Amino acid sequence: MLKMDSHIHSEYSPDSQSKIDDIIKVAQKENIDIIAISDHNTVDGTSEVLKKTRNTDILAIPSIEISSSHGHILGFGCEEIIPRDLTPQETIDRIHDLGGLAIIPHPYCFYRHGLLHKTDYKKLNIDAIETKNARFIVGYCNHKAKKLSVKENIPALGASDSHYWKFVGDCYSLIDCEKDIDSVLKAIVKNKTEAHGKGTSNIYLSKYLFERNILKKFD
């Protein structure tokens, strides 16, 4: 089983300042085998991490977090930009056309554009959902996602959704696959994954947000 964090944000996302080098260092420290830079509506972070992990023990998977008209969707395995504000199914179709997987992050989190808060999952051709997203307050949304995963046999993933490099690996997946992109994608489809990890400390998260949004103004 390999350890994977499939949802990490870098400085190429408007709400993150994490350098790719720092993300890689933490991933190595936490013994993470597979990472994906899933930045908002851009693949610039993906392009950089693919280059910087080429001669390391870490496998980087191309990814992008797309803002559909009703919520966020990961284009996992996609190296190209998919336009924002398309309908969810149009977005998913574009992902599949590029050979990627449509993964729903924080599916029921209404204050973070969770897609399944507004949309019936039965109308969507999704490939997996996050059942352990580390950025939660009380855990209700993760619990609801886990229930759906079990009920409908939808592959479940854990991910840090880190917007600060120190939080990489707080939640993660264990995945039964070989260490190559094609094997990772096939293992997710075959439901050979387990979601693990803990929630990011709300104290540390609040400290980071305070430093980023308040103290930065006085620099």
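1. Basis of the note. The model is predicted, and local features are reported at a pLDDT of at least 70, side-chain atom pairs only at pLDDT 80 or more, while totals for chains, interfaces and linings use all residues. Residues are numbered from 1 along each chain as its sequence is written, and side-chain values use heavy atoms, with hydrogens and water left out.

2. The five-stranded sheet. An open sheet is formed by five strands in the order S3-S2-S1-S9-S10, with mixed pairing. Helices (H or I, at least four residues) and strands (E, at least two) are DSSP runs, numbered from the N terminus. Two strands are said to pair if DSSP finds at least two bridges between them. S3 and strand S10 (193–197) are the edge strands, each pairing on one side only.

3. Strand S2 and its partners. Strand S1 (residues 2–8) and S2 run parallel and are joined by three bridges; Ile37 in S2 is the bridge partner of Ile8.

4. Burial of S2. In a regular strand the side chains alternate between the two faces of the sheet. Strand S2 (residues 34–37) is covered on both faces: Ile34 and Ala36 on one side, and Ile35 and Ile37 on the other, are all buried. Buried means under 20% relative accessible area, exposed over 50%, and partly exposed in between (1.4 Å probe, protein chains only).

5. The antiparallel pairing. S1 pairs with strand S9 (residues 171–175) in the antiparallel sense over three bridges. Within this pairing, Met4 stands opposite Ser173 in S9.

6. Met1 belongs to the segment before S1. Met1 counts as exposed because its relative accessible area is 55%. Leaving aside neighbours within four places in sequence, Met1 is in contact (heavy atoms within 4.5 Å) with Leu174, Ile175, Asp176 and Glu194. By contrast, Met1 and Asp22, 21 residues apart in sequence, are 25 Å apart in space from C-alpha to C-alpha.

7. Strands S7 and S8. Four bridges join S7 to S8, and the two strands run parallel; Lys132 stands opposite Gly158 in S8. In strand S8 (residues 156–159), Ala156 and Gly158 point one way and Leu157 and Ala159 the other, and all are buried. Thr131 sits in strand S7 (residues 128–133). Thr131 counts as buried because its relative accessible area is 7%. Not counting residues up to four places away in sequence, Thr131 touches Asn142, Ala145, Lys146, Ser149, Ala156, Leu157 and Ala195.

8. Nonpolar cores. A nonpolar core is a set of buried Ala, Val, Leu, Ile, Met, Phe, Trp, Tyr and Cys residues joined through side-chain atoms within 4.5 Å. The largest has 21 residues, of which Ile73, Ile95, Ile104, Leu116, Ile126, Ile129 and Leu148 touch the most other members. Helix H3 (88–97), strand S6 (101–104) and helix H4 (140–152) each supply at least two residues of this core. Beyond its neighbours within four places in sequence, Leu116 is in contact with Ile104, Pro107, Tyr108, Tyr121, Leu124 and Leu148. Another core, of 18 residues, lies apart from the largest one and includes Leu101, Ile103, Ile175 and Cys177.

9. Helix H5. The buried residues of helix H5 (residues 181–189) are Ser183, Val184, Leu185, Ala187 and Ile188. At the start of H5, a side-chain oxygen of Asp180 comes to within 3.3 Å of the backbone nitrogen of Asp182. Just after H5, Asn191 adopts a positive phi of about 65°.

10. Cysteines. Zero disulfides are found in a search of the whole structure, a disulfide being a pair of cysteine sulfur atoms within 2.5 Å. For Cys141, the nearest cysteine sulfur is that of Cys109, 4.6 Å away. Cys141 counts as partly exposed, because its relative accessibility is 21%. For Cys177, the nearest cysteine sulfur is that of Cys78, 18 Å away. Cys177 is classed as buried because its relative accessible area is 16%.

Conventions
Polar contact = N/O pair within 3.5 Å; in protein donor to acceptor, adjacent residues only side chain to side chain.
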